[in-house]
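The points below are a colleague's note on the structure, to be read with the sequence and coordinates at hand. They begin with the chain interface and then turn to features within one chain.

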Amino acid sequence: MTIKALLAATALAATTLSLPAVAAELTVGFSQIGSESGWRAAETTVSKSEAAKRKVNLKIADAQQKQENQIKAIRSFVAQGVDAIFLAPVVSSGWDAVLKEAKEAKIPVVLLDRDIDPSGKELYLTAVTSDSVQEGAVAGEWLAKTVGAKACNVVELQGTVGASVAANRKKGFDSVVAKHANLKVVRSQTGDFTRAKGKEVMESFIKAEGGGKSLCAVYAHNDDMMVGAIQAMKEAGLKPGKDVLTVSIDAVPDIFKAMAAGEANATVELTPNMAGPALDAIIAYKGKGTTPPKWIQTESKLYTAADDPMKVYDSKKGLGY
Amino acid sequence: MTFSLQRRGLAQIIALLVILAVDRIVSPQFFDLRLQDGRLFGSLIDVLNRGAPVALLSLGMVLVIATRGIDLSVGAVMAISGAIAASLADSHGVPLAIAVALGAGLLCGLWNGFLVAVLGIQPIVATLILMVAGRGIAQLITEGRIVTFTAPDFVWLGNGAVLGVPVPVVIVLGMLVITGAVVRGSALGLLIEATGGNARASELAGIGTRAMILAVYVWCGLCAALAGVIAAADIMGADANNAGLWLELDAILAVVIGGTSLFGGRFSLVLAMVGALIIQAMNTGILLSGYPPEFNLVVKAAVVLIVLLLQSPRLASAGAALWRARS
């Protein structure tokens, strides 16, 4: 073996070795909103495991629902010289100044789950979010496919009035309903995304619709309201999942329990895995210099009773929902 | 005296009847009742059943307000007691879970009472502390998740029935009778009113105002804890983020609609209950009406304004003057 060949071999070995080594050195600061909901907790858990999978050192700062804490966290990440910053913005405005600081320090910023005002468009690398209009549309398509040509009276449990995700999930569902003459939303009221209000509103829907006999389906903007609505239907002597179809959004563990019991039919997942695609984008950006698209849309996956709900429940229950 | 007492409740009762009549107009089946699985079923029952937590809160709140105080922490106390009860129900048995939950409520009340009566902190500030911290404590207990349980005895508290009447309604009636017997069956009610009317004069007259104030906050805490247990039993889970959220405001509103002044003094337990029913009859009516949810809060505000105007003594005398001028 000549010295030249030996040198070449070492060089090759060094480069192949250095690839994972670069990844191992990546440090990412994640400014998380706080523990506002079970989904948020699951997102934090999944972010940790996704980072560990890619050998990325992830530093999570909990902002306790306060923008000022997030701004402080970003400043400290910049001071520490991290390789990238993930930000789940608690509000959509007021980020320009601090994101400019990150940009000047040449630290790429990735938005997770929520977007910011268009004025900050140039200040972040990419945003990983789900399309909540699409989620509503997936729910609507499932219902349209399941009922076929049969006439179907639907009641809708909306999220909090004024929340963009509620407006979008309504818009997506309505767009499908508009295409199918047999589907009709007969009642729509807000359940504030909570179980208690979902139950209360469903109770009134059942009474207003003659004991619920004329109802064909319930659409809820989140699973928690549906869990409440299912209880209301059971107490009124209806059989949710059979007499009345159910479709909701989020895919939290408890809806899979209801699905396994035959009391819920379908849910559209809002994946808690926003960090996975974001980490992939950062690793590609840092490693090969590939600029990711401005918006990375996560999949809005549909789950039904055919997807072994108990298995999904077991895989999700440890995530902190 | 008798005449003035009867007149006192008139505005509230008329308001309740008018709201129920409006509910009947927007929803023709409003008064329909039937039995479903041994439980009365109908919109009227919903009003009573859904109104139970706020009714319980206002039962404690009315006593606190009578002493010229206010308790902003009741919603958070609901979240704490619900979280405790739900966390313990399946592992340690229902009686212990509920006992600990109610005990926590007493402790919260004692804390509020201590700050107000012993340290002399203004009630709105003193109870604000627990309003903020309490929800955090509840979230710590549940770790931010919705803790569910299956213990049938616990679920019964929310969904069961006694002779067809939902258990929460029975609990409210029971608490009303107990509270009424204690404060009106003895001089206690009078002493509470005296404390609220003029604390210094009462003190000089030999009333233990500190003990009075401490007692009403403790009772308020207990009522809130009971409401929290019912709310958890209702959805078979404890939702620390949302249980009792903003209900302190509904409870204060119920007390005010019930004609008790925020400046303390004279109070009425029954009219506070009527106040809670007015709020819930309105909420249920809005849900039954089928109006878009964007109108909910506006309608609610308008109705509350009208009910309060009905009670305004100045408006009544102005109306009477106008009437005399015309005739």
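1. In this predicted model, 31 residues of chain A are in contact with 32 residues of chain B, contact meaning heavy atoms within 4.5 Å. About 2600 Å² is buried between chain A and chain B, and carbon and sulfur atoms give 49% of that area; buried area here is the accessible area (1.4 Å probe) that two parts lose on being put together, summed over both. Of the area that chain A buries against chain B, 24% is supplied by A:Gln189, A:Lys207 and A:Glu235, more than by any other three residues.

2. Four salt bridges are found by the rule across the interface of chain A and chain B, a salt bridge being a side-chain nitrogen of Lys or Arg within 4 Å of a carboxyl oxygen of Asp or Glu. B:Arg50 forms a salt bridge with A:Glu203, where the closest N and O atoms are 2.7 Å apart.

3. Which elements give two or more residues to the side of chain A that touches chain B? They are β7 (183-190), α7 (195-208), α8 (223-235) and α9 (253-260) of chain A, where helices (H or I, at least four residues) and strands (E, at least two) are DSSP runs numbered from the N terminus. The largest share, 10 residues, comes from α7(A). By class, this side of chain A has seven nonpolar, 12 polar and 12 charged residues; Ala, Val, Leu, Ile, Met, Phe, Trp, Tyr, Cys and Pro count as nonpolar, Asp, Glu, Lys and Arg as charged, and the others, Gly among them, as polar.

4. Within chain A, strand β1 (residues 27-32) and strand β2 (residues 57-62) run parallel and are joined by six bridges, strands being paired if DSSP finds at least two bridges between them. A:Ser31 has A:Ala61 in β2(A) as its bridge partner.

5. The structure holds 27 salt bridges over all chains. In one of them, A:Asp250 pairs with A:Arg169, with the closest N and O atoms 3.2 Å apart. This pair links distant parts of the chain, since A:Asp250 is in strand β9 (residues 245-250) and A:Arg169 in helix α6 (residues 164-179) of chain A, 81 residues apart.

6. Two backbone values may be worth checking. A:Phe193, which is not a glycine, has a positive phi near 65°, and A:Phe193 is placed in the loop between β7 and α7 of chain A. A:Asp308 also has a positive phi, of about 50°, and lies in the loop between β12 (302-304) and α11 (309-317) of chain A. Most residues other than glycine have a negative phi.

7. On conventions, residues are numbered from 1 along each chain as its sequence is written, and chains are lettered from A in the order in which they are written. Local features need pLDDT of at least 70, side-chain atom pairs count only at pLDDT 80 or more, and totals for chains, interfaces and linings use all residues, while side-chain values use heavy atoms, with hydrogens and water left out.
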